[in-house]
Amino acid sequence: MSDNSLFSPEKLEMLDYKIIKGQIDTPEEFNSGKIKQYHLENSLELGFNLAKKLVKADFLIEIKTESIGGNKQEASSIFHLVFIFKVDNLDELAVADKNRTIKLEPHLGNALSSITYSTSRGILLTRLQGTAFNNFILPVINPNKLLHR
């Protein structure tokens, strides 16, 4: 499984995505001009259907504002996005051991987390327009860190 030639981006296809939850809570008197920074928490979980060569990526994102005076309550948002991928040679890149734990080829894991995260960034940019989170952009990160949380 460590053979780099096994993973090929051309054998990976995003079949679908869904916004399972997209909630933004903004207090009525909230002043976006008082936002000092945003607090972000996110998690990525991968699920596998080896027989059908499918991978499901569940991505959860929580964002909260931190204001400098003037806002009695902070704004918050939560998004749950699901992405479905087909991997033509998944049987070579994800192998279940006797405990049904998947050993994932690192390059595939990186590709799945990178595509999920960057696509989510674009979705959030459009969904957050005109809200208290209008200036929030999902930061650039090392996508491998999503796999080890």
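**Entry 1**

The model I am reading is a predicted one. In one of them, the rings of tyrosine 17 and phenylalanine 83 have centres 6.1 Å apart and planes at 25°; the angle is under 30 degrees, so I recorded the pair as stacked. This pair joins distant parts of the chain, with tyrosine 17 in strand E1 (residues 12-25) and phenylalanine 83 in strand E4 (residues 76-87), 66 residues apart. Is phenylalanine 83 buried or exposed? I noted 0% relative accessibility for phenylalanine 83, which means that this residue counts as buried.

**Entry 2. Phenylalanine 59 and tyrosine 117**

I next examined the aromatic pair of phenylalanine 59 and tyrosine 117, which is edge-to-face, with 5.7 Å from centre to centre and 70° between the planes. This pair also links distant parts of the chain: phenylalanine 59 lies in strand E3 and tyrosine 117 in helix H2 (residues 106-127), 58 residues apart. I list phenylalanine 59 as buried because its relative accessibility is 0%. Tyrosine 117 is likewise buried, at a relative accessible area of 4%.

**Entry 3. An aromatic cluster**

I found that Tyr38, Phe133 and Phe136 make up one aromatic cluster.

**Entry 4. The nonpolar core**

I turned to the largest nonpolar core, which holds 31 residues. Which residues have the most contacts inside this core? I identified Ile61 and Leu108. At least two core residues come from each of strand E2 (35-49), E3, E4, helix H1 (90-93) and H2. Of these contributions I marked that of H2, which gives the most, six residues. As a general remark, nonpolar side chains in soluble globular proteins tend to be buried together.

I then listed the contacts of isoleucine 61, setting aside neighbours within four places in sequence. The list comprises Leu40, Glu41, Asn42, Ser77, Ile78, Phe79, Leu81, Ser120, Leu124 and Leu138.

**Entry 5. Glutamate 66**

I located glutamate 66 in strand E3 (residues 54-67). Its relative accessibility is 25%, so I classed glutamate 66 as partly exposed. With neighbours within four places in sequence left aside, glutamate 66 contacts Lys34, Ile35, Lys36, Gln37, His39 and Glu74. I also checked the separation of the C-alpha atoms of glutamate 66 and serine 76: it is 9.7 Å, for residues that stand 10 apart along the chain.

Notes
Residues numbered from 1 in each chain as written. Predicted model: local features only at pLDDT ≥ 70, side-chain atom pairs only at ≥ 80, totals over all residues. Heavy atoms only, no water. Helix = DSSP H or I, 4+ residues; strand = E, 2+ residues; numbered from the N terminus. Buried < 20%, exposed > 50% of the residue type's maximum accessible area, 1.4 Å probe, protein only. Contact = heavy atoms within 4.5 Å. Phe/Tyr/Trp six-rings, centres within 6.5 Å; stacked < 30°, edge-to-face > 60°. Core = buried A, V, L, I, M, F, W, Y, C linked by side-chain atoms within 4.5 Å.
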